[in-house]
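This report looks at a few local features of one structure. The sequence and the coordinates come next.

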Amino acid sequence: MLVLRYLVILLTYIGLGLGYLPGLRMNRATIAIVGSALLMALGLLDLRAAWSAIDYKTVIFLFGMMIISANLAVSGFFRLAVDYTIRNIHSPLGLLIVLTFGSGFLSALFLNDTIALILTPLVVSLTQLLNLNPVPYLLALAGATNIGSVATLSGNPQNILIGSFSSISYLDFAKALTPLALVSLVIQVGWLWWLYPEVRSLRPDLKVEPPNYRIFKPLLIKSLLITGGLLVAFLIGIPTAEATLIAAGLLLVTRRLKPERILQKVDWDLLLMFCGLFILTEGVQKLGALEWFSRFVHDPLSILGVTVLLSNLVSNVPAVLLLHHLIPHPDTQTWLLLAAASTLAGNLTLLGSVANLIVAEAVAKRGYRLTFGEHLRFGLPLTAVTLALTYFWIYANPL
């Protein structure tokens with residue numbers, strides 16, 4: 001029985017790392033749920049223990065942010081941002097800079113995977129219209145959505161988890177990691193400038209007619225007002241889960257928009273995956289399997305190394321769920337290190353984050369190819385430099 005339990009856990013984490021199990025039509029959400037169900041079938045957990053393992057605050061926060069992002073997308077906010085870019089940027093380097101900092105900023109406010117999903121087809125279309133090589137701009141988008149999301153608790157799922165576990169306030173988290181995100185975005189622009197000579201031009205020779213699109217003005221105004229109010233709520237210390245759910249509830253009160261349009265844009269797979277991961281991690285803890293990792297987690301540098309390794313083996317969310325039990329000194333600095341390292345490690349390889357895969361898959365559907373080697377050439381040096389900067393920044397500038 002013990003061997004079967006370990007085998008289930010091993011196969012589940014392999015599936016989570018790959019995103020599939022060979023020969024089966026399963027994604028990460030179904031792999032996490034099936035793994036959790038098998039652990040219950042093997043008697044490691046009962047239903048009450050499994051239910052108690054789910055961190056409802058994290059799930060509510062994620063759900064609320066998805067509703068907010070969906071309303072902004074339907075209102076035309078993200079297309080409006082692209083239109084502004086087209087009208088005001090006229091050089092390849094200018095486009096690269098605006099895309100990097102624009103997607104980084106949006107990822108800090110909303111979930112990075114959502115921003116990658118929405119902006120990737122827009123970036124591909126834009127580069128086609130401008131007759132530009134799309135690869136450096138898509139790498140900029142993928143990297144910036146990861147880097148920008150470092151800045152806030154709402155930037156990515158692993159930060160949401162860490163906010164729930166550590167009780168660090170939204171404002172304290174942002175004050176600590178926003179400068180790191182900004183400097184890392186500058187480094188990314190410099191690295192892409194070095195790798196791709198064609199993006200270096202400052203000549204204002206990019207001219208294109210902005211595409212037609214529709215703006216739902218009442219919904220746009222309402223969404224922006226409620227989103228602004230939510231950010232104020234975060235800054236004054238209202239609990240993030242409660243504030244986000246209230247904001248989502250207000251956005252769902254409407255006379256014109258069918259609720260199906262919004263609810264269909266909620267990433268239910270991600271929410272299910274989180275529930276399965278919480279249960280799976282509880283099972284790992286009950287088995288005592290975390291003790292094996294504990295021998296490698298004894299100081300900040302080892303936490304950094306193990307986080308980077310696990311984030312690229314099983315993805316960053318499962319890595320955080322595994323490691324948060326093992327932090328020897330659960331102080332603010334250690335939590336910040338875990339948040340930044342698990343996010344920035346996503347830039348290391350094409351498989352390192354869901355945002356990278358979203359970009360790669362969207363590009364493939366449009367006839368382009370973003371290879372593992374191309375991404376590694378970009379991601380490996382960028383990750384090494386930004387992680388070194390992270391370590392120095394957090395331990396040289398304690399809160």
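Is R377 buried, exposed or partly exposed? R377 is partly exposed, with a relative accessible area of 40% (buried is under 20% relative accessible area, exposed over 50%, partly exposed in between, with a 1.4 Å probe and protein chains only).

## Basis

This is a predicted model, in which local features need pLDDT of at least 70 and side-chain atom pairs count only at pLDDT 80 or more, while totals for chains, interfaces and linings use all residues. Residues are numbered from 1 along each chain as its sequence is written, and side-chain values use heavy atoms, without hydrogens and water.

## Salt bridge

The structure holds 1 salt bridge (a side-chain nitrogen of Lys or Arg within 4 Å of a carboxyl oxygen of Asp or Glu). R377 pairs with E374 in a salt bridge, at 3.6 Å from N to O. The two residues are 3 apart in helix α20 (residues 372-396), so about one helical turn separates R377 and E374. E374 is partly exposed, at 25% relative accessibility.

Helices are DSSP runs of H or I with at least four residues, numbered from the N terminus.

S75 lies in helix α4 (residues 56-75) and is buried, with a relative accessible area of 0%. Beyond its neighbours within four places in sequence, S75 is in contact with R214, I215, F216, L219 and L220 (contact means heavy atoms within 4.5 Å).

S167 sits in the loop between α9 (157-166) and α10 (170-195). S167 is exposed, with a relative accessible area of 63%. The phi of S167 is positive, about 65°, although S167 is not a glycine.
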